[in-house]
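Subject: Structure handover

Hello,

Here is the structure I said I would pass on to you. Please open it beside this email and follow along as you read.

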Amino acid sequence: MTDLPEDNAALVQCWGRVTQRMRHDIGDAAWRNWIKPLRVNRLEAGTLTLETDSTLTRERVNSQYADRLRVISAAEFKTMASGVNHVEVRIAKALAQRTDRPHRMSEQKPVQKTPSKDKSYDLSAGLDPRYTFANFVVGKPNELAFAVARRTAESEKVAFNPLFLYGGVGLGKTHLMHAIAWHIRQRNPARKVMYLSAEKFMNRFVQALRFRDTISFKEQFRSVDVLMIDDVQFISGKESTQEEFFHTFNALVEDGRQVIVSADKSPTDLEGMEERLRSRLGWGMVADIHPADYELRLGILQSKAEQAQVEISDKVLEFMAHRIVSNVRELEGALNRILAHAMLIGREITIDSTADLLADLLRASSRQISVDVIQKRVAAHYGVRVSEMFSARRARNIARPRQIAMYLAKNLTSLSYPEIGRQFGGRDHTTVMHAVKTVENLMKSDAQLSEDVELIKSILAS
Ligand code: ADP
Ligand code: MG
């Protein structure tokens, strides 16, 4: 392994992919217990060294997961100079080695600080290796936030102070914050970056008060080059924490250090925040992340499916992008479910199986789409009367739109075949099944029809 800092980041990134695949393979619970506590340490001469603090973890990983880890690592570390043909798990040597960083930095900087102080500079604590700029999919709704985050991470001098990122839940704020931290750490490991949630900030402050240790608390925070506070709305209504944060903030900014803050609302909308703090937070660059639109949702799904190296058809991804509109976190959760299924079952994933697997999520997001609305939309599109949806007429120019409406009802609602049949003039469930099959087949052979259906679908979903 070479000595470039880039290699550390690459190592951590490859390892991130390995643990994700393990997660899909062995399930969340086992993953959390045995794989998550592992840290990547080094890759040398084909041996990937992982560390943990617990002998129990080491034993269990060796006895149960070693083979799988080796196989997946061999695939995921292909891009590194040295491939992986052996995986070793060892017990971290507490302070002699900074175990939660890849080895280069730990060798370079044997720890001399006291443990408690040391923790505050521990950049990788709580940083997710998957949350990098490279893994962030950019689209219209987040391009501004992405651009300013990148700029902040790249510039040696303080760019915008503070940088304030805001947006609804699950839209990528934390991802961008971590990406900034990773990037700075990779470019310049000497810069002290501290990332923590506002909640942690408050807990530490409260602790310091309790142990009458506010001096070292202040010192800790005021000696960093970059301070990142995630979810600052958490300290709304918490006056003394706000007060302390305000002073820390001012001290850093006045001293030319970078401050980066995220929140779920813009500075002016942060209720329960002191006026002077709100206005101070808005002084630098304020960038918001909008909810992902269809294109971005699809882009994110494609990129994540590709990363997982699982073949999922475009149709399925499009279906999900249309139907799961709440936020990226939920979209990701849905995709993970599909990926896990694909890997376990090894059979091709279809729209039908996706709809089954995601029934609960789809129900939640399709509450508004009713058969009634589908019928109206389809009728309007084909220029037929809505009443034809219930009629017994079988002329092609009427039967076809009716079949399409049934197909959409099956795909966009969670109703069963008989339930759908009832809403189409009391038709039998086999008629509905036949309609769904017919439209599915036609969509493969008839480009015009397929386009029509997709169009109606996207209008209904928006
Ligand atoms: P927030 O902090 O805004 O609530 P997160 O940063 O935790 O949201 O994002 C939720 C999940 O969605 C994370 O797993 C994150 O990686 C993912 N995510 C959000 N936006 C994107 C994006 N543009 N590209 C890739 N992944 C994203
Ligand atoms: Mg967050």
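I begin with helix α3, residues 55–76. A straight helix of 22 residues would span 32 Å at 1.5 Å a residue, but α3 spans only 26 Å between its end C-alpha atoms. At Tyr65 the helix α3 bends by about 75 degrees. Please keep in mind that this is a predicted model.

Which residues of α3 are buried? They are Thr57, Val61, Tyr65, Leu69, Ile72, Ser73 and Glu76. For reading such a list, recall that an α-helix has 3.6 residues a turn, so residues three or four places apart point the same way. Tyr65, where α3 bends, is one of the buried residues.

Now the overall picture. The protein has 21 helices and 8 strands. Its C-alpha trace spans about 85 × 60 × 35 Å along the principal axes. Of the 462 residues in the protein, 49% are buried.

Next, the pocket. The largest pocket has a volume of about 780 Å³, and 36 residues line it. Nearest its centre lie Tyr131, Lys304, Val328, Arg329 and Glu332. Four helices each supply at least two residues of this lining: α1 (5–26), α7 (173–187), α12 (294–307) and α14 (328–345). Which helix gives the most to the lining of the largest pocket? That is α14, with 7 residues. By type, the lining of the largest pocket divides into 11 nonpolar, 15 polar and 10 charged residues.

Cavities were looked for as well. A search of the whole structure finds 2 cavities of 30 Å³ or more. The largest cavity holds about 320 Å³ of space. Its lining has 18 residues, and Gln20, Arg130, Lys304, Gln307 and Glu332 are the ones nearest the centre. Helices α1, α12 and α14 are the elements that give two or more residues to the lining of the largest cavity. The largest share of that lining, 6 residues, comes from α1. By type, the lining of the largest cavity has 5 nonpolar, 8 polar and 5 charged residues. Lys304 and Glu332 are named among the residues nearest the centre of the largest pocket, and they are also named for the largest cavity.

On to the aromatic rings. A pair of aromatic rings is described by the distance of the centres and the angle of the planes. With centres within 6.5 Å as the cut-off for a pair, the count comes to 9 aromatic pairs. One of them is formed by Phe136 and Phe146, which are stacked: 5.8 Å centre to centre, with 5 degrees between the planes. Phe136 lies in the loop between α5 (115–120) and α6 (143–154), and Phe146 lies in helix α6, so the pair ties together parts that are 10 residues apart in sequence. Elsewhere, ring pairs link Phe201, Phe205, Phe217, Phe221, Phe245 and Phe249 into a cluster.

Some backbone details are worth a look. Most residues other than glycine have a negative phi, and most peptide bonds are trans. The peptide bond from Asn161 to Pro162 is cis, with omega near -5 degrees. Pro162 sits in the loop between α6 and β4 (163–167).

Two residues other than glycine with a positive phi can be set side by side. Ala45 has a phi near 45 degrees, and its place is the loop between β1 (39–44) and β2 (47–52). With a relative accessible area of 72%, Ala45 is exposed. Asp231 has a phi near 60 degrees and is found in the loop between β6 (226–230) and α10 (239–254). Asp231 is partly exposed, with a relative accessible area of 28%.

The last item is Lys444, found in helix α20, residues 429–445. Lys444 counts as exposed at 71% relative accessibility. How far apart in space are Lys444 and Gln13? They are 39 Å apart, C-alpha to C-alpha, and 431 residues apart in sequence.

Regards

Definitions and conventions: Residues numbered from 1 in each chain as written. Chains lettered and ligands numbered in written order. Predicted model: local features only at pLDDT ≥ 70, side-chain atom pairs only at ≥ 80, totals over all residues. Heavy atoms only, no water. Expected span 1.5 Å × (residues − 1). Bend = angle between axes of the 7 residues up to and from the residue. Buried < 20%, exposed > 50% of the residue type's maximum accessible area, 1.4 Å probe, protein only. 1 Å grid on protein atoms, 1.4 Å probe; cavity = no way out; pocket = protein on both sides within 12 Å on 5 of 7 lines; lining within 4 Å. Points joined across faces, edges and corners; volume = space filled by probe spheres on them. Nonpolar A, V, L, I, M, F, W, Y, C, P; charged D, E, K, R; others polar. Phe/Tyr/Trp six-rings, centres within 6.5 Å; stacked < 30°, edge-to-face > 60°.
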